[in-house]
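Q: Please take a close look at the helix packing in this model. Start with the chain as a whole, then follow the contacts residue by residue.

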Amino acid sequence: MVDATDSQPGLDPDRASFTTALTTARDQVVNAAGVITDTVIDLVGGIGKRVLANLLPALAW
């Protein structure tokens, strides 16, 4: 989640949804998604991309 939010400057890490990250990770394990991967290391990856696509609303303090 931190790698995903760090990939976009100025994005508050508190907007990342733990539920989205957990659900996506579970789905990847159940479906064996990404078992055979390229040698490219992508810190955002599938989970991070889903987290970024489903950000929580910004807090107005």
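A: Accessible areas come from the Shrake-Rupley method with a 1.4 Å probe, and for residues only the protein chains shown count as cover. On that basis the chain has an accessible surface of about 4700 Å², and carbon and sulfur atoms account for 59% of that area. The model is predicted, so local features need pLDDT of at least 70 and side-chain atom pairs count only at pLDDT 80 or more, while totals for chains, interfaces and linings use all residues. Residues are numbered from 1 along each chain as its sequence is written, and side-chain values use heavy atoms, with hydrogens and water left out.

The chain contains 3 helices and 0 strands (DSSP runs numbered from the N terminus: helices are H or I of at least four residues, strands E of at least two). Read from the N terminus, the order of elements is α-α-α. Of the 61 residues, 21% are buried (under 20% relative accessible area; exposed means over 50%, and partly exposed lies in between, with a 1.4 Å probe and protein chains only). Among contacts between residues at least 6 apart in sequence, 64% join residues at least 24 apart (a contact is heavy atoms within 4.5 Å).

Now the packing itself. Two packed helices are described by the angle between their axes and the distance between the axes. Here helix α2, residues 18-31, and helix α3, residues 45-53, have axes that come within 9 Å and cross at roughly 145° (axes are lines fitted to C-alpha atoms, for helices over the stretch in contact, and angles run from 0 to 180 degrees between N-to-C directions).

On the α2 side the residues in contact are Thr20, Ala21, Thr24, Ala25, Asp27 and Gln28; on the α3 side they are Gly46, Ile47, Arg50 and Val51. Thr24, which lies in α2, is buried at a relative accessible area of 4%. Setting aside neighbours within four places in sequence, Thr24 is in contact with Gly46, Ile47 and Arg50. Within α3 sits Gly48, which is buried because its relative accessible area is 4%. The C-alpha atoms of Gly48 and Ala4 are 4.7 Å apart, although the two residues are separated by 44 positions in sequence.

Asp27, one of the α2 residues that meet α3, also takes part in a salt bridge with Arg26, where the closest N and O atoms are 3.2 Å apart (the criterion is a side-chain nitrogen of Lys or Arg within 4 Å of a carboxyl oxygen of Asp or Glu). The structure holds 1 salt bridge. Arg26 is partly exposed, at 49% relative accessible area, and Asp27 is partly exposed at 27%.

Met1 precedes α1, which covers residues 2-6. Beyond residues up to four places away in sequence, Met1 touches Ala16, Ser17, Phe18, Ala21 and Val51. Pro13 lies 12 residues from Met1 in sequence, with 7.5 Å between their C-alpha atoms. Met1 counts as partly exposed because its relative accessibility is 38%. Together with Phe18 and Leu22, Met1 makes a nonpolar surface patch of about 320 Å² (patches are made of residues with over 30% relative accessible area and no salt bridge; nonpolar side chains, namely Val, Leu, Ile, Met, Phe, Trp and Tyr, are joined within 5 Å, and like charges within 9 Å).
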